[in-house]
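Let's take a walk through this one together, from its strands out to its overall build. Keep the viewer open as you read.

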Amino acid sequence: MSYNSDILVIGAGPAGLSFCSEFAGKNVKIIVIEQLAREVLEKPPFDAREIALTHLSCEIMQRLGIWERVPEDEIFRLREAKVINGTSPYQLHFPQPMRARGGETDRLGYLIPNHRIRQAAYEVVKEQSNVQILTERSVGDVHIHNDNVSVTLDNGEIVIAKLLVCADSRFSSTRQKIGVPTDMHNFGRTVITFRVNHTESNGHTALECFHYGRTLAILPLTEHMSNMVITIDSDKAERIINLSDEELAQDIYTQTGGRLGDIKVASTRHTYPLVGTHARRFYAQRCALIGDTAVGMHPVTAHGFNLGLQGADILAKQVIRALEKGEDIGSQSVLTSYNFKHMLNTRPLYHGTNVVVKLFTNESQPARMLRSAVLRVSNNLPIVKKMISRQLTG
Ligand SMILES: Cc1cc2nc3c(=O)[nH]c(=O)nc-3n(C[C@H](O)[C@H](O)[C@H](O)COP(=O)(O)OP(=O)(O)OC[C@H]3O[C@@H](n4cnc5c(N)ncnc54)[C@H](O)[C@@H]3O)c2cc1C
């Protein structure tokens, strides 16, 4: 069997689906290939990733109709954020933002569970008559021609499109097949993440604790429920994963110095090996990379999906512009223009994040002192603080 489309998207993750939703009502036919079953897309399982969203992402999600599909009680507001270095009581503090004409707003940003974003994006795309999602299929061979791309799926079906969009994760096999060189950095660390209930209020404040030996991020959900994100050397992760719920609760109690009161583990635990990836370019002939396939961030600065959404938005705008002018949507000019604009967003954030990670996981005495100095300078120089805050919240 063979299919013809204008755009072929590989991967129905949050980035691939957001990209598709940009084309609602447009005269363009899209086919999406996803290896997972349809039931998983309809009801994605909880994966313990709580996605901190910038204001720009919130705006894009609202415009695409994704936001309104997320249940209201699963949109958690983030009032403030604090960063702590080692055992020092000193904190870098990002308070509630002020409105332009004075008066405080009540939030720095929002947190939404990743599986809810996926579900909402799928619900939007499912209703688009111009998108067809083919599930339980994967990519076999990719052949790039002057006028189109022809992809043979693992079941022998062939899809032909004018533009191929790769959104099949940071470990993308399609990116490899189209020959885009990619820088990869294995941090040698693993994230272990889960929810806890606690008796004391979290004050809707996110805490990033750069303890020596491990990092703990506390992301406030409801006042008495938070998400814990432990980052630790991969060879030490097994010990934490194998703790009983009671032992893990006690461990978190110790790490948080009892500030959250009594703790109960409230969800399954999920682990993610930390590998950062950045494609050297976000295109090949008739092909574009979006989402984690373009840039897979370390989660400490909470930018992965935010960049994914931004990239999908930029690419969609270039494609729609070409469509409206009756031009080729897979042309070199569409792709290079997307590449130029999105690289400006991703490169500084990717490299900046990696520098922060390097500094805050280095436990030599000079690095500890530098960590402390960085927090103090950031706290006391309003312009630096504003810059960091703007980077984090968009
Ligand atoms: C612990 C943690 C916390 C995070 N916190 C934040 C945060 O606070 N803020 C933020 O912005 N980001 C955050 N992120 C990053 C965010 O989760 C990712 O950037 C985002 O999920 C990537 O979406 P994606 O669609 O690009 O890729 P994915 O979610 O990886 O989706 C890829 C899709 O492609 C499919 N696929 C793969 N290979 C194939 C194939 N060969 N054929 C067909 N289909 C295929 C997969 O099944 C999947 O459905 C966090 C990540 C982690 C791990």
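How many bridges join E14 to strand E15 (residues 225-233)? The count is 7, and the two strands run antiparallel. Before going on, a word on the ground rules: this is a predicted model, local features need pLDDT of at least 70, side-chain atom pairs count only at pLDDT 80 or more, and totals for chains, interfaces and linings use all residues. Residues are numbered from 1 along each chain as its sequence is written. Helices (H or I, at least four residues) and strands (E, at least two) are DSSP runs, numbered from the N terminus. Two strands pair if DSSP finds at least two bridges between them.

Stay with E14 for a moment. A hairpin of 4 residues takes the chain from E14 into E15, and Thr215 has Thr231 in E15 as its bridge partner. On its other pairing, E14 (residues 214-220) is joined to strand E13 (residues 205-210) by 4 bridges, again antiparallel. Thr215 turns up here too, as the bridge partner of Phe210. The E13-E14 hairpin has 3 residues between its strands, and Gly213 in that turn has a positive phi of about 95°. As background while you look at these strands, in a regular strand the side chains alternate between the two faces of the sheet.

There's another hairpin at E9 and E10. Strand E9 (residues 139-144) pairs with strand E10 (residues 149-153) in the antiparallel sense over 5 bridges, with 4 residues between the two strands. Look for His143, whose bridge partner in E10 is Ser150.

Now to helix H4. How far apart are the end C-alpha atoms of helix H4? They are 18 Å apart, which agrees with the 18 Å that its 13 residues (114-126) should span at 1.5 Å a residue; the expected span is 1.5 Å times one less than the number of residues. Much of the interest in H4 is in what it packs against. Its buried residues are Ile117, Arg118, Gln119, Ala120, Ala121, Tyr122, Val124 and Val125. Here, buried means 20 or more other C-beta atoms within 10 Å of a residue's own, exposed means 12 or fewer, and partly exposed is in between, with C-beta atoms placed from the backbone. Those buried residues pack against helices H1 (14-21), H2 (38-42) and H3 (55-64), and against strands E3 (50-53), E7 (109-113) and E8 (131-134).

Two loop residues are worth a click. Most residues other than glycine have a negative phi, and most peptide bonds are trans. Arg286 has a positive phi, near 65°, in the loop between strand E18 (283-284) and strand E19 (287-289). Ala302 has a positive phi as well, near 55°, and is found in the loop between strand E20 (295-296) and helix H8 (304-324). Arg286 counts as buried because 25 other C-beta atoms lie within 10 Å, and Ala302 counts as buried because it has 26.

Phe187 lies in strand E12 (residues 182-198), and with 19 other C-beta atoms within 10 Å it is partly exposed. Phe187 and Val275 are 88 residues apart in sequence, but their C-alpha atoms are 5.9 Å apart in space. Leaving aside neighbours within four places in sequence, Phe187 is in contact with Leu274, Gly276, His298 and Val357, where contact means C-beta atoms, placed from the backbone, within 7 Å. Over in helix H7 (residues 245-255) you'll find Glu246, which is exposed, with 11 other C-beta atoms within 10 Å.

Finally, zoom out. The protein has 11 helices and 20 strands. Its radius of gyration is 22 Å, close to the 21 Å that the globule rule gives for 394 residues, so it is as compact as a globular protein of that length. That radius is taken over C-alpha atoms, and the rule is 2.2 Å times the number of residues to the power 0.38. Of the 394 residues, 43% count as buried.

How values were computed. Contact = placed C-beta atoms within 7 Å.
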